[in-house]
Amino acid sequence: MTTGTVGRDVLTVHELIWAGDVLRPRCGDAGLEDEVVEWRRSVNCPECLRCTLPPSACLR
Ligand SMILES: [Zn+2]
């Protein structure tokens, strides 16, 4: 699993999935301009953890 943070919020670790050729948080909690940074940390974003659908179905 790829995990990381988005934009200026470095405390919330999302599950990252590929959307086309870019990594996006699984919960969709990011603007297109927000920088996604990969971390080796466990996911703590409740929205990402709650989503049990296939990643492609989770992107909003
Ligand atoms: Zn998330």
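pLDDT is the predictor's confidence in each residue, on a scale from 0 to 100.

**Entry 1: what I have open**

I am working from a predicted model, where local features need pLDDT of at least 70, side-chain atom pairs count only at pLDDT 80 or more, and totals for chains, interfaces and linings use all residues. I number residues from 1 along each chain as its sequence is written.

I checked confidence before anything else. The mean pLDDT of the protein is 86, and 87% of its residues reach 70 or more. Where is confidence lowest, and where is it highest? I found the lowest in helix 2 (residues 55–58), at a mean of 63, and the highest in strand 1, at 95.

**Entry 2: the layout**

I counted two helices and four strands. Both kinds are DSSP runs numbered from the N terminus: H or I over at least four residues for helices, E over at least two for strands. Along the sequence I read the pattern β-β-β-β-α-α.

Next I looked at pairing, where two strands pair if DSSP finds at least two bridges between them. In what order do the four strands lie in the sheet? I get an open sheet in the order 3-2-1-4, with antiparallel pairing. Strand 3 and strand 4 are the edge strands, since each pairs on one side only. The twist averages 50 degrees from one strand to the next. For that kind of angle, axes are lines fitted to C-alpha atoms (for helices, over the stretch in contact), and angles run from 0 to 180 degrees between N-to-C directions.

**Entry 3: strand by strand**

I went through the sheet pair by pair.

- Strand 1 (residues 2–6) runs antiparallel to strand 2 over four bridges; Thr-2 has Leu-16 as its bridge partner in strand 2.
- Strand 2 (residues 9–19) and strand 3 are also antiparallel, over four bridges; the partner of Ile-17 in strand 3 is Arg-24.
- Strand 1 and strand 4 run antiparallel and are joined by four bridges; Val-6 is bridged to Val-36 in strand 4.

I then looked at the hairpins. The one of strand 1 and strand 2 has two residues between the strands, and Gly-7 takes a positive phi near 60 degrees there. The hairpin of strand 2 and strand 3 has two residues between the strands as well, with Gly-20 at a positive phi near 70 degrees.

**Entry 4: inside**

How much of the protein is buried? Buried residues make up 23% of its 60 residues. My cut-offs: buried takes 20 or more other C-beta atoms within 10 Å of the residue's own, exposed takes 12 or fewer, and partly exposed is in between, with C-beta atoms placed from the backbone.

I picked Leu-16 in strand 2. Leu-16 counts as buried because it has 25 C-beta neighbours inside 10 Å. Leaving aside neighbours within four places in sequence, its contacts include Thr-2, Gly-4, Leu-23, Arg-24 and Val-36; a contact means C-beta atoms, placed from the backbone, within 7 Å.

Gly-4 sits in strand 1. Gly-4 is buried too, because 20 C-beta neighbours lie inside 10 Å. Its C-alpha is 6.4 Å from that of Leu-16, twelve residues apart in sequence. Beyond four places in sequence, Gly-4 touches several residues, among them Val-13, His-14, Val-36 and Trp-39.

Which residues form the largest nonpolar core? I have five: Val-13, Cys-27, Val-43, Cys-45 and Cys-48. Such a core is a set of buried Ala, Val, Leu, Ile, Met, Phe, Trp, Tyr and Cys residues joined through C-beta atoms within 7 Å. Cys-48 touches His-14, Glu-15, Pro-25, Arg-26, Cys-27 and Val-43, not counting residues up to four places away in sequence.

I also looked up contact range. Of the contacts with a separation of 6 or more, 49% are between residues 24 or more positions apart.

**Entry 5: outside**

Is Glu-33 buried or exposed? Glu-33 counts as exposed because it has 6 C-beta neighbours inside 10 Å. I found Glu-33 in the loop between strand 3 (22–25) and strand 4 (36–39). Glu-33 is 27 residues from Val-6 in sequence, and their C-alpha atoms are 9.9 Å apart.

Arg-40 is in the loop between strand 4 and helix 1 (46–50). Arg-40 is exposed because it has 8 other C-beta atoms within 10 Å.

Notes. Two residues are in contact if their C-beta atoms, placed from the backbone, lie within 7 Å.
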